[in-house]
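The entries follow in the order in which I looked things up.

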Amino acid sequence: MVPLSWYIILSAVVFSIGVVGFFTRRNLIMIFMSVELMLNSVNISLVAYSHYLQSMRGQVLVFFVIAVAAAEAAIGLAIIIAYYKNNPTIKVDEINLLKG
Amino acid sequence: MTAPQWFFAYFAGMITLLSVVMITRRNPVHGVLWMLVLFVHIAGLYLFLNAEFLAAIQIIVYAGAILVLFLFVIMLLNLKKELTVRKVQQHWVIGAAVGAIFAALVVAVVAGITVLPPLGKYSIEAIRSEGGIMTIGKVMYTKYLLPFEIASLVLLVAIVGAVVLAKKRIG
Amino acid sequence: MVKYILIPLLPFIAFVITILFGRNHIKDKAHWIAVPAVFASFILAVSAFMDVLGGKVININIYSWIVSGDFNVSMGFLIDQLTAVMLMVVTSISTLIFIYSIGYMHGDGGYYRFFAYLSLFVFSMLILVMANNYLLLYFGWEAVGLCSYFLIGFWFHKKSAADAGKKAFIVNRFGDFGFGLGVILIFLTFGSLEYVKVFDSAGTVAGQTINILGYQFDTITVICLLLFCGAVGKSAQLPLHVWLPDAMEGPTPVSALIHAATMVTAGVFMVARSNPLFNLSASAMATVAVVGGVTALFAATIALVQNDIKRVIAYSTVSQLGYMFLALGVGAYTAGIFHLYTHAYFKALLFLGAGSVIHALHDEQNMQKMGGLKKYMPITYWVFILASLSISGIPGFAGFFSKDEILWRAYLSGGLGRFLWFLAAGAALLTAFYSFRLIYLTFHGKFRGTREQEHHLHESPPVMTVPLMFLAVGAVAAGWVGIPPIFMEHADKIGEFLAPVLGHPAGEGSHAEELAVMGISITVALAGILIAYIMYIRKTDLPGKLGAMFQPVYRLLYNKYWVDELYSKTIVQPTLKASDRIILGFFDAKIIEGIVNGVPALIGAFSRRFRAIQTGLLSTYGLAMVLGAVFIIGFWIFLK
């Protein structure tokens with residue numbers, strides 16, 4: 001039998017890899033993919049909990065996470081396109097419209 | 001180690017490895033393709049956890065829809081020039097260090113996690129007798145009907161928003 | 001119940017409509033809203049009066065206004081005999097004066113504004129008289145003061161009018177401060193502000209004392225004196241009388257309605273309303289009586305030598321209010337309210353008559369420049385005669401019955417009362433004199449104004465003279481409901497009507513004494529008229545000679561005992577100087593400006609430093625977020 005903690009540790013490690021990707025990459029698309037990776041790691045832990053607690057709630061939540069992730073991908077990519085049209089770069093360290 | 005543990009070890013190792021490979025690709029197209037492999041492995045893990053509906057969704061929605069959308073966008077942006085410049089940010093070491101500390105802390109916290117009763121009524125036998133999809137369908141269309149409908153609204157808004165944003169000509 | 005609520009509500013609705021749509025839509029048709037509203041209010045008041053006459057006393061709570069712990073105040077109306085009389089006075093006179101104003105204010109730029117404020121005033125005054133608790137009374141009290149301020153300063157572009165409005169407001173503040181403290185003390189003592197509860201438990205509080213600065217005072221006396229403090233301000237008694245003559249800067253209908261017939265009598269009403277409290281405190285009663293008696297004589301002496309037609313009547317109002325307080329002070333509440341009621345008619349008539357004269361002379365108010373108006377303005381002249389006979393106390397006219405009742409009750413109360421009766425009788429002589437001096441100077445003799453004015457002399461239009469005639473009927477006949485028993489048994493209708501609320505005045509006297517007192521008042525009234533006749537018709541050079549002979553006295557009276565100058569030197573100027581130093585020099589310049597300039601400077605310096613952390617880079621924000629999570633988790637591990 002596989003203990004629950006293994007799944008959660010896996011989830012934590014994958015999430016941290018996503019975080020590192022988010023912090024280190026310059027390419028906006030790659031940063032976006034890192035975010036998707038983090039969402040997936042959370043899904044792993046939710047499904048694991050659902051299985052071990054014998055509850056359906058986790059699986060339902062994963063379904064909603066996927067739905068929201070799809071919406072987020074659509075909107076996020078649209079924003080990238082809109083930004084790129086105006087300002088042909090997707091290097092994230094050159095995007096600083098909010099600088100004080 | 002028992003057979004299930006070997007099975008888990010394979011998937012966990014592949015998932016970790018593929019994640020690292022994915023985030024280190026210079027070319028986003030390669031990243032997307034590695035991610036596809038990664039998602040297939042995650043779907044395999046879901047099957048292992050008796051969530052065959054989610055495994056299917058993972059392939060259909062993530063691999064089939066979202067990743068294809070990524071590919072389209074990458075092609076639209078025409079990023080040849082990006083491939084020649086530095087791929088990491090200036091202070092990437094700090095980011096990586098913070099990520100590593102974060103990983104260490106979270107792993108330290110969750111390492112000892114166990115299951116505490118009471119358990120729910122959806123045991124493996126209960127799900128098998130009714131069928132996994134029917135079980136999740138019943139829950140989703142009864143108890144979570146309202147969130148389900150709201151999710152459809154969120155998607156609708158996303159569609160409209162994406163069209164509006166991508167069509168708008170700024171400046 | 002809706003009927004009673006509508007009485008004050010109708011004028012309020014008229015106010016809201018007029019003030020909202022007046023400037024752009026209603027304009028010079030404002031009277032089409034205000035006059036019907038106040039007339040409907042009058043009809044309802046008559047109906048309410050009939051209910052009370054039928055033996056019904058209405059005490060309704062409409063809704064809870066303030067509920068806070070033990071403090072519980074509702075919006076509620078109490079309509080008993082006293083309120084019914086006040087309702088009749090307020091609504092009937094308001095209606096007539098509203099109609100009069102159509103003519104008087106015709107063509108004024110602020111026509112709609114005038115009717116709006118006047119409607120608001122009627123609403124406030126009705127709330128004041130109909131309230132069933134002290135807080136609502138206080139609300140009405142302050143609201144009429146506010147309307148008075150608006151209306152005195154109605155022609156605000158005139159500096160004297162704006163100043164007079166401010167003066168009225170500030171002087172009233174002194175009195176209202178005391179009144180407010182009185183209301184608070186009533187709540188602390190009785191645990192309630194409702195009339196019924198307060199008056200029912202008044203007896204149990206008698207004899208209690210309150211500690212003020214280490215001295216013990218009788219609680220009821222302190223409450224009564226504080227309440228009376230408010231009455232002194234509102235009803236312009238000594239020493240707070242200074243605002244009322246200046247209030248004559250307002251339009252004449254305002255002077256008639258607010259500063260003669262209704263608002264200034266609110267103090268009398270309030271003291272009469274609180275009679276169960278005042279009855280328990282002999283010293284408070286004595287204070288009321290002395291202030292009233294002295295004011296009656298004091299104001300009458302000033303009125304002798306004034307030349308401004310409205311100021312003469314204003315001082316006469318102060319004097320007559322003094323009579324009312326004298327009556328209240330000797331325990332003859334019914335006599336006080338009776339005089340309030342008759343006074344409202346003849347004094348409103350005097351003011352409106354004066355307004356008619358001023359209108360005809362194009363805003364000339366100096367009587368020395370009038371004269372001989374009798375043949376140009378016969379209606380005004382004759383109503384003036386009737387009102388003056390009434391105020392002088394000539395038998396048969398309204399003023400006679402009420403004033404005689406007061407004098408008789410003052411005489412009966414013995415000791416101090418005798419002395420005050422003497423003052424009041426002296427004031428009656430002066431009243432008759434200055435009233436007829438006014439008539440002789442204005443309507444008799446030769447016209448002393450300019451040619452052009454003489455050319456334009458005319459009687460006022462019917463919209464003004466008809467209300468005058470109605471008021472004249474009141475000035476003559478209003479007293480017939482209070483004929484003393486000595487002439488006719490059971491003819492003192494108003495006394496019997498008010499007895500359930502105000503009680504029967506104490507003291508009995510023989511018929512001979514009563515007739516003697518009456519004889520004296522009639523004699524002094526006739527004497528006053530006769531002296532005026534001699535001085536202003538027969539020997540017209542006599543006033544000048546007398547003025548020269550008694551130069552110091554004349555100047556003392558002409559300058560109103562220099563009370564205004566005294567207040568200016570002792571209170572107004574020091575306050576202004578102190579404000580200039582402390583508020584402008586220190587508080588405003590240092591503290592306020594320090595804060596106003598200091599805070600933005602601080603924020604600016606702060607933000608210049610901390611702006612640097614806003615790099616605008618996505619990674620920075622993400623890093624901050626994850627670092628936060630790291631700290632929280634680390635802290636959690638550390639705790640475990």
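I looked up Ile595(C) and found it in helix α26 of chain C, residues 563–610. Helices here are DSSP runs of H or I with at least four residues, strands are runs of E with at least two, and both are numbered from the N terminus. The model is predicted: local features need pLDDT of at least 70, side-chain atom pairs count only at pLDDT 80 or more, and totals for chains, interfaces and linings use all residues. Residues are numbered from 1 along each chain as its sequence is written, chains are lettered from A and ligands numbered from 1 in the order written, and side-chain values use heavy atoms, without hydrogens and water.

Next I took chain C as a whole. I noted 27 helices and four strands. Of its 640 residues, 56% are buried, meaning under 20% relative accessible area (1.4 Å probe, protein chains only).

Then I turned to chains A and B. I read that 73 residues of chain A and 94 residues of chain B make the contact, which means heavy atoms within 4.5 Å. On the chain A side, Met33(A), Gln54(A) and Met56(A) lose the most area to chain B, together 9% of what that side buries. The elements giving two or more residues to this side are α1 (4–24), α2 (28–52) and α3 (57–86) of chain A. I noted that α3(A) provides the largest share, 23 residues.

Technical notes. Buried means under 20% relative accessible area, exposed over 50%, partly exposed in between (1.4 Å probe, protein chains only). Buried area is the accessible area (1.4 Å probe) that two parts lose on being put together, summed over both.
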